[in-house]
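Student: I have just opened this entry and would like to be walked through it. Could we take it piece by piece?

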Amino acid sequence: MKVDTDQNAEFDALLDYLKQVRAFDFSGYKSESLRRRITKRMHALSIESFAAYMDYLDVEPDEFRSLFDTILINVTSFFRDELAWQYLKDVIIPNICKQKGAKETIRVWSAGCASGEEAYSLAILFAEELGEVDYRFKIYATDIDESALEEGRSAVYSEAEMKDVSPERREQYFERCGKDFVIRPAMRRTVIFGRHDLMHDAPISRLDLLSCRNTLMYMNSETQARILERFHFALTRHGFLFLGKAELALARSELFTSVDTKFRVFRKSPIYHQMTMRQPEPDLPDATMMKRTSETRSLCFDASDNPQLLIDLRGNIIDVNAICYSFFRLSDQVLGRPLNSVRLSYSPIDLRAPIEKVLSSKKPIELKPLSYKAFGAEEKILSVSITPLPRDSQNLLAVLITFNDITAAHTLNLQLEKINRELNLANEAYHAAQEALETTNEELQSTNEELETTNEELQSSNEELETINEELESTNQELDAVNQELQELSKRTRAVSVFLNSIITSIKPAVVVLDKNFNVLLWSEKSTDLWGLRSDELIGRCFLDLDIGLPVSELEEFLREFLKNGLSMQETSVQAVNRRGKPLNCHIVVTKLPDDNPGLVLLMEPAS
Ligand SMILES: C[S@@+](CC[C@H](N)C(=O)[O-])C[C@H]1O[C@@H](n2cnc3c(N)ncnc32)[C@H](O)[C@@H]1O
């Protein structure tokens, strides 16, 4: 017994944990079957106790997915229970379409829709009844399981999942996508998917048909009764309720009367519903009046599929659309309460001051976009508009707050901004490249001009060079001629020199020729024989400085006198020593060179 009590406590703790951590409240489910399914999952993981399983969920968050798959049995199919659907097609749907005005939209709710097959089955039947071009119906498809809803939104079904769809319907309402089938866009647009918890979220209202099949049977009778009350409220006066095969007993309450017991179709009983929703305070005439007017309802519910709420002039919430309830997880107790007492008044954005402003200015306000992540859904970008609803030209009736989903536009805008930035960058790069090209071009042009100038200069230098060349050639020719002459001259000089040499050699005395300063100009071989020194050692040296056997200092005066006295020849004798050191009396004859080439010729020989 003790063990059971512990297990119960652990089980309750686990349910509480799922509610706190994942916002899944399973307290209203049939306890035994819920327990059985959780235990089955625990056994698959070899976990013995609920407490240990809670610890496991703590460290393995992916396990939540498997647990919910086990608990939320998503089994479904197109036209599940064929005969019931045939009855719906033959009797109920024609009835609904007939009741509705030609321009009225038929509103249908598939509650607990799983992966969407039930919702699309309903859409197909209404399309068939109304004619394919006239899709004036809306199917709200809701479920607590976001991943099942994702499948519904994608609208892709395998061959196996299509087994109950006839070839004609496949052809008409589906497109082939590889091996799979996808719902055609026009049909897809008639179904709106949204997360909705039947136990906690306010119902979608003004329904012509509510299909909730094979979902309530997992909940305990108290929860079922509560949900059936909401369904009663949600249906129009002539609305139908379509339950699952195993849900006969459910609708046997005073709220519904059976239309066909076999196929589980019921109709709303005309009794005043005792919803748990709070009614507006009786001392709020604006609120109560608006609650009754269909105008207010259509403003609130038909304007768009975006979350909306209406508040009266005192700031009390007087209506909230279904999407708003589930999107912001509002409790159905908010109706009639001041908006300022609800978290939504300041989160995700402060609505209080803007509402005050709209009430005083009577002008609409658009708040700046914000990003918001509803539980279990993807992050969305919302723009918030606060619109005053006038009662007459002077007074307001209420204020409508709309959260518009602008995610797609925002994403496009971001993409556009990115593309624009990239374009600007490309543009800048292009301009920079163009400028660089222009600069290079200018540089090239100026280089070209410089080259042309240089070319001209070169041409003129060339011409100058050619002239110089020509001049050089002629100079060269002249030089050649001079050279030839010189060579001639040199030849002749050599001949003269040889001739002179032969004369001098043939002269018996030693011959020495001096210039007017007594430098040796010629020294004959006979002089070498006599005095010992060679001609090449003496040419250019002063005769008076020579250290030879001849006493040149004794001769100096004689020679100077001779140069002065104007005689053409004079003789003298001096005592000398020849090259072999033998003393001799040297006879010297001096003659003068002509005046144009002044100098002396000395002829020397030993006196006999
Ligand atoms: C067996 S399926 C039924 C699908 C479909 N209606 C049909 O009959 O084929 C039950 C569905 O109810 C959903 N469900 C369970 N509890 C829910 C709740 N509190 N609110 C909304 N849906 C719930 C589950 O996620 C599951 O997809």
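This is a predicted model: local features need pLDDT of at least 70, side-chain atom pairs count only at pLDDT 80 or more; totals for chains, interfaces and linings use all residues.

Student: How many bridges join β16 and β20, and in which sense do they pair?

Tutor: Strand β16, residues 510-515, and strand β20, residues 599-606, are antiparallel and share six bridges.

Student: Which residues of β16 are on the covered face, and which on the uncovered one?

Tutor: A510, V512 and L514 make up the covered face of β16. The uncovered face holds V511, V513 and D515.

Student: What does V513 stand opposite in β17?

Tutor: The residue opposite V513 is L522. Strand β17 covers residues 520-523 and pairs with β16 in the antiparallel sense, over three bridges.

Student: Which residue in the hairpin of β16 and β17 takes a positive phi?

Tutor: That is F518, with a positive phi near 70°. The hairpin has four residues between its two strands.

Student: Back to β20 for a moment. Which residue is found in the segment after it?

Tutor: A607 is found there.

Student: Is A607 buried or exposed?

Tutor: A607 is exposed: 10 other C-beta atoms lie within 10 Å, and a residue counts as exposed when that number is 12 or fewer.

Student: Which residues does A607 touch?

Tutor: Leaving aside residues up to four places away in sequence, A607 touches S573, N585, C586 and H587. As for Q575, which is 32 residues from A607 along the chain, the C-alpha atoms of the two are separated by 10.0 Å.

Student: New topic: the sheet of seven strands. What is the order of its strands?

Tutor: The order is β6-β2-β1-β7-β8-β10-β9. The sheet is open, and its pairing is mixed.

Student: Which strands stand at the edges?

Tutor: The edges are β6, residues 191-195, and β9, residues 256-260. Each has a single partner strand, so one side of each is left without a neighbour in the sheet. From one strand to the next, the twist averages 25°.

Student: What about β1: how many of its residues are buried?

Tutor: Six of the six are buried, so β1 is largely enclosed by the rest of the structure. I106, V108 and S110 point one way from the strand, while R107, W109 and A111 point the other way.

Student: How many bridges join β1 to β2, and how many join β1 to β7?

Tutor: Strand β1, residues 106-111, is joined to β2, residues 137-143, by six bridges, and these two strands run parallel. Between β1 and β7 there are three bridges, again with the strands running parallel.

Student: Which residues stand opposite each other in those pairs?

Tutor: On the β2 side, W109 has Y140 as its bridge partner, and R107 stands opposite K138. On the β7 side, V108 stands opposite L209.

Student: Which strands of the sheet does α5 touch?

Tutor: Helix α5 packs on the sheet and touches β1, β7, β8, β9 and β10. The direction of α5 makes about 165° with that of β8. Another helix, α7, residues 146-154, lies across β2 and β6 and runs at about 165° to β6.

Student: At what angle do α5 and α6 cross?

Tutor: The axes of α5, residues 82-99, and α6, residues 117-130, cross at roughly 55° and come within 10 Å. The two helices are therefore oblique to each other, and their crossing is right-handed.

Student: Which residues meet there?

Tutor: From α5 there are W85, L88, K89, I93, P94 and C97, and from α6 there are S121, L125, F126, E129 and L130. The residues of this contact divide into eight nonpolar, one polar and two charged.

Student: One more topic, please: the sheet of three strands. In what order do they come?

Tutor: They come in the order β3-β5-β4, forming an open sheet with antiparallel pairing. At the edges are β3, residues 156-157, and β4, residues 174-177, each pairing on one side only.

Student: How many bridges are there between β3 and β5?

Tutor: There are two bridges between β3 and β5, the latter covering residues 180-183. Y157, for instance, has F181 of β5 as its bridge partner.

Technical notes:
Residues are numbered from 1 along each chain as its sequence is written. A residue is buried if 20 or more other C-beta atoms lie within 10 Å of its own, exposed if 12 or fewer, and partly exposed in between; C-beta atoms are placed from the backbone. Two strands pair if DSSP finds at least two bridges between them. Axes are lines fitted to C-alpha atoms, for helices over the stretch in contact, and angles run from 0 to 180 degrees between N-to-C directions. Angles under 35 degrees count as roughly parallel, over 145 as roughly antiparallel, 65 to 115 as roughly perpendicular and the rest as oblique. A crossing is left-handed if the near helix is turned anticlockwise from the far one by less than a right angle, and right-handed if clockwise. Two residues are in contact if their C-beta atoms, placed from the backbone, lie within 7 Å. Ala, Val, Leu, Ile, Met, Phe, Trp, Tyr, Cys and Pro count as nonpolar, Asp, Glu, Lys and Arg as charged, and the others, Gly among them, as polar.
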